[in-house]
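This briefing covers a structure with its fold, its chain contact and its nonpolar core in turn. The sequence and the coordinates come first.

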Amino acid sequence: MLRRFWPWLWVSLGVLYFFLPIYATFVFSLKAKKGIFSFIAYERVFADARFGASFLFSTQMALLTIFCCMLLLIPTLTVLHLFLRRLRPIVEFVALVPFVIPSVVLVFGYLRVFARPPLSLTNTTLGTYGLLLAGYMVLSMPYMYRSIDAGLRAIDLRTLVEASQSLGAGWVTIFVRVIFPNIRVAVLNGSFVTFAIVIGELTLARFMLGNAVAFAPYLAEIGRARAYEPAAITVLSLLMTWGIVMILQLLGRNTTTTIAGPR
Amino acid sequence: MANGAAQTWWRQIEWRRVGVSLTVGPFLLFAVLFMILPAGSLLIESFRNAQGQWTLANFADMNDPMIIEAYAMSLRISFTTAIIGAILGLLVAYAITVGGLPHGIRTAILTFSGVASNFAGVPLAFAFVATLGRTGIITALLAQLGINLYKNGFNLYSYAGLVLVYVYFQFPLMVLVMTPALDGLRREWREASAILGANTAQYWWHVALPILTPAILAGMVLLFGNAFGAFATAYALTGGTFTMVTNVIAQEMSGDVLHNEALAYALATGMIVIMTITIGTYTLLQRRAERWLRA
């Protein structure tokens, strides 16, 4: 036992660092009513219509981001794997570019290029949402790229495509009914990371849409105005993050190293 | 082999080339429009003044106490939290790999690390307010024990507080990065050292550490970049008033402080340059570190 003293100490220290804030936040969230523990803060959170509305908005944006990323990346990567292997390092490099552009800088660039004449995209709701979607796609690009790439590496793509072609399938059929089902699990991995990124993303939404529309800016605003509700929301969003990470582990990857996410 | 065959194959049939450009084209177009163009536009504008003439004045203007403080603070926070996070993360990773703890502990720690490294931004800031804020649970607990944190110079909404909060998502990332590297240490190496007469300390100093160094450095660099671009956590904690590069750019965007757009472009360019160096270094180190894993 004594031989394992140091490992146990380091692990305990890590666990303490991890759990103390969570424990304290949970206790804090129950103290909305003086003197007793209650779930009043949670009731108030759910009673606020903007909580549901902003969460729904961000969920929709997340699903849209995942869909558009797949639409953009799966055909590109398939073609690269099949015909243009030499171009792969270049595309790989492009997919890493989001890491070197902090989200504050990215949104600053967007506002400069797209929010002014001649484009003035942000003058219409659709334009603003479209730009936000593009930004989310950029933030999640490295993760989606990596998971789709890993998926395609793991299957015998050439044989699958040739077999489908000799059975008379066109490219649309090949993508929808052969390639996609085979890389589904790998793609799901990137999708959950993307979901977590978009739900928690503050910077782009804050500067494109203002304070209320998306989930994270709404949270930040609540945090300035209230005391106990933010703690309740934190507990809820921790449970959500936990759920996502558990799903990721079930999918077979336990290293989800996020650095472009909602920091 | 198959590669060469494929190339002649699509060269012979023209429409295949069309198909290829129809798939790769949109991706490259997207990358140019939404990554290269916005970043490039900031880069170019940082070399022009308000009248549109080419100049280096914007970078000279960065020699301003507030700007220097912002950069110094961002670098300091990133550096400090990278070092602390790396040390703590390394120790935990060591404990769950070579340390010989039960397998269940390892799985649990890796799950915690996955959660904590992704649990950042606004909710993380709230969690620390509830813990160590002025009315936080731990603050109150310590006050009962006679220790008044805030009277003893601690302030969650300052440098020390931010370091504490950042380390929460930094050290688990280090655990995730270092665990595979430590797993890569082979038992044969330890046995070989023992046969040659090395004791445990000599094994770690002369064999394990040199092998792990690239991975450790790569982890630190990654942590540095992770903190340097961060915005949401500090924004939620301090309302964006704390002087950091990300906050100064944000204030410029909302038109609060500088009213000097050209200077903000220069600030943004500086960030991109620092991040490019960071990620470049990380990639090189990571490649070096993986050599031992692949063998």
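In chain B, 41% of the 295 residues count as buried. The model is a predicted one.

Fold and dimensions of chain B
- Chain B contains 13 helices and zero strands.
- The radius of gyration of chain B is 25 Å, whereas a compact globule of 295 residues would have one near 19 Å.
- The C-alpha trace of chain B spans about 70 × 65 × 30 Å along its principal axes.
- Among contacts in chain B with a separation of 6 or more, 76% join residues 24 or more positions apart.

Contact between the chains
- Chain A contributes 75 residues to the contact and chain B contributes 76 residues.
- On the side of chain A that touches chain B, helix 1 (residues 5-29) of chain A supplies the largest share, 13 residues.
- That side of chain A consists of 51 nonpolar, 18 polar and six charged residues.

Nonpolar core
- The largest nonpolar core holds 164 residues, and A:V105, A:I148, B:V92, B:M174, B:I249 and B:A268 have the most contacts inside it.
- Helix 8 (residues 159-183) of chain B gives the largest share of this core, 14 residues.
- Leaving aside residues up to four places away in sequence, B:I249 touches A:V104, A:V105, A:F108, B:A264, B:L267 and B:A268.

Residue B:L33
- B:L33 lies in helix 2 (residues 14-45) of chain B.
- B:L33 is partly exposed because 13 other C-beta atoms lie within 10 Å.
- From C-alpha to C-alpha, B:L33 and B:T80 are 36 Å apart in space, and they are 47 residues apart in sequence.

How values were computed
Residues numbered from 1 in each chain as written. Chains lettered and ligands numbered in written order. Predicted model: local features only at pLDDT ≥ 70, side-chain atom pairs only at ≥ 80, totals over all residues. Contact = placed C-beta atoms within 7 Å. Helix = DSSP H or I, 4+ residues; strand = E, 2+ residues; numbered from the N terminus. Nonpolar A, V, L, I, M, F, W, Y, C, P; charged D, E, K, R; others polar. Core = buried A, V, L, I, M, F, W, Y, C linked by C-beta atoms within 7 Å. Buried ≥ 20, exposed ≤ 12 C-beta atoms within 10 Å, placed from the backbone. Rg over C-alpha atoms; globule rule 2.2 N^0.38 Å.
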